[in-house]
Amino acid sequence: MTRPPHPPDHTSTTPPATTPDTTRTSSSPAARSKRWTCARCGRDHSAYRCWPEGHLCRTCVLAALDIHGVCPGCGDQRILPGRGSDGAPICPACAGIVHSVFRCHRCEVEGRLYHRKLCIRCTVTDRVAALLDNGDGHIDPALVPLAAALTTGPTPTPGGRLVWLAKPHNRDLLRALATGQLPLTHPDLNAYPEQGPIPYLRALLVHCGTLPEVDRQLLEFEAWLTRRLDKLAAHPHERLLRQFGLWHQLPRMRTKAALQPLTPPARTYAQLEFIHATAFCTWLAEHNHRPTELGQIDLDRYYTVLKIGHRQSLRGFLNWAMTSRNLPTLTFARTRFTTGEALTHTQRLDLLRHFVPDHDHAGPLRMRVAACLLLLYAQPVTRIMTLTVDDFVIEDDGSMVLQLGNPPAPVPEPFATLVMRLLAQRPDDATSRWLFPGRRPGQPLNYVSLSQGLRDIGVPLRLARVAALRQLALQAPAPVIAEALGFHHTTTQRQTIHAGGIWNRYAAPDGPTQQAEPRTRGR
Ligand SMILES: [Zn+2]
Ligand SMILES: [Zn+2]
Ligand SMILES: [Zn+2]
């Protein structure tokens, strides 16, 4: 360890009554640009802090400012940025760090300080208040819940909130809301020109009760259709397509959404219907066919060369156009899907054998868990994405079950351990109960991300169709598969009991209990 050649800032071992308002070792540019060896990580760096143990780099100091707990030197509960002789984190007083300020000037919480010596939470509060200021130094009452959600709410961490608030698009959006330029309604959010931050903000507004809950798929389809129709303004059959989208597709989707939430594939299907209807109308225009005078031969010429999937997507438009007398009544062949290939028992076993053990090509843990759930229990992606941590239960005998239906399905080893490991990765302050939490507050990972993630790690979703898998799952349920992979009941129980420590933290409905020991806070 290289000792600093000039006196470090541990001139006194007793803390002074008032802490000098300086945290830098030196402000002269020459001293700042000089290179030192960090006393903790040993890397070469420009001076950031000089503490009694030596010069420290920025990375090591910021990491040290995140450690809180009971100081082994004096027994006080506080920030532990120093290092004892045994390497254990100790408080600034015990470490003799006297010239650095750690306490927020407003709330007195210790930690990393930002602008004007304020802690991260006070800094976030100030930024939110400034951005949502209606011009009189106040936040409009309608926006108070949003301010609270942005300050303390379900957004991941204070650090994440600060980064989000610093982005120009997000700042503009909040200012537009604060000044009333952007009214607080779903349609106005749809019409906002910069759509990037809208889904996240909308999720926050719904989460804090400022906007009513809406069917997300319906909303996204509506926004998509609006943009699509705007682009079709010059299309010769724009009126026909507008009627199809607004009078036929939207009301039908609204009716369905009123009964139960729409699935992402339902939205994708409606979009495909509209895309193929547009292509058909473009073809009509290019060949100078008047829709009402279209002949059977013309339709056949177009329809028969389409791929099977495209024909299926066009049927909705043709049926509607003929019923509404926009097209003459013609016939078009009903499409039949061939059964095609399906996953075999051996392929299913091979895939599971690939996803269970840790190796370089196994992929991210959460996708491996999702793949196992899909392959073992024949659950569609839409069901897997809505599983919660509470769906996994430990029985009295230490075995794990998954509550998919009645009775619950057993989760044998080695899959139980895989699930346990995923649960252990949840952050301590996780508020959502989703097994696969998404980036938007209070929502699970979305359908597109989950299915793309599964494809990325090599799950052939086309072959692993649920109907075909169900047959395999009936023939060889999870425990049979576990044995085929070489796992037996004795190992099952031992490993589940071993993992019980992790499990207990998730079994409590109020979330994980706080730990009294020193721990590193997430940033
Ligand atoms: Zn370092
Ligand atoms: Zn201490
Ligand atoms: Zn503070």
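Is Cys74 buried, partly exposed or exposed? Cys74 is partly exposed, at a relative accessible area of 36%. For that scale, buried is under 20% relative accessible area, exposed is over 50%, and partly exposed is in between, with a 1.4 Å probe and protein chains only.

Some ground rules. This is a predicted model, where local features need pLDDT of at least 70, side-chain atom pairs count only at pLDDT 80 or more, and totals for chains, interfaces and linings use all residues. Residues are numbered from 1 along each chain as its sequence is written, chains are lettered from A and ligands numbered from 1 in the order in which they are written, and side-chain values use heavy atoms, with hydrogens and water left out.

Now the zinc sites. Cys74 (SG) coordinates the zinc ion (ligand 2) together with Cys71 (SG), Cys91 (SG) and Cys94 (SG), at 2.2 to 2.3 Å. A donor here is an N, O or S atom within 2.8 Å of the metal (3.2 Å for Na, K and Ca); water is not among the atoms, so sites may look incomplete. The spacing of these donor residues in sequence is C-x2-C-x16-C-x2-C. Cys74 sits in the loop between β5 (67-70) and β6 (77-79), and Cys91 in the loop between β8 (89-90) and α3 (92-95), so the pair ties together parts 17 residues apart in sequence. Helices (H or I, at least four residues) and strands (E, at least two) are DSSP runs, numbered from the N terminus. Cys91 is buried, at 1% relative accessibility.

The angles among the four donor atoms of ligand 2 are 107 to 113 degrees, and the site is tetrahedral. Four donors get that label if all angles lie between 85 and 135 degrees.

On to the zinc ion (ligand 3). Its protein donors are Cys104 (SG), Cys107 (SG), Cys119 (SG) and Cys122 (SG), at 2.2 to 2.4 Å. This site is tetrahedral too, with angles of 103 to 114 degrees. The donor spacing reads C-x2-C-x11-C-x2-C. Cys104 is buried at 2% relative accessibility, while Cys107 is partly exposed at 37%.

How many cavities of 30 Å³ or more does the structure hold? It holds one. A cavity is a set of points, on a 1 Å grid over the protein atoms alone, where a 1.4 Å probe fits but cannot get out; lining residues have an atom within 4 Å of a point. α16 (365-377) and α18 (415-424) each give two or more residues to the lining of the largest cavity, and α16 gives the most, with five.

Conventions:
Four donors count as tetrahedral if all angles lie between 85 and 135 degrees; four count as square planar and six as octahedral if opposite donors are over 155 degrees apart and all others between 65 and 115; anything else is irregular. On a 1 Å grid over the protein atoms alone, a cavity is a set of points where a 1.4 Å probe fits but cannot get out, and a pocket is an open set with protein on both sides within 12 Å along at least five of seven lines; lining residues have an atom within 4 Å of a point. Grid points are joined across faces, edges and corners, and a volume is the space filled by probe spheres set on the points.
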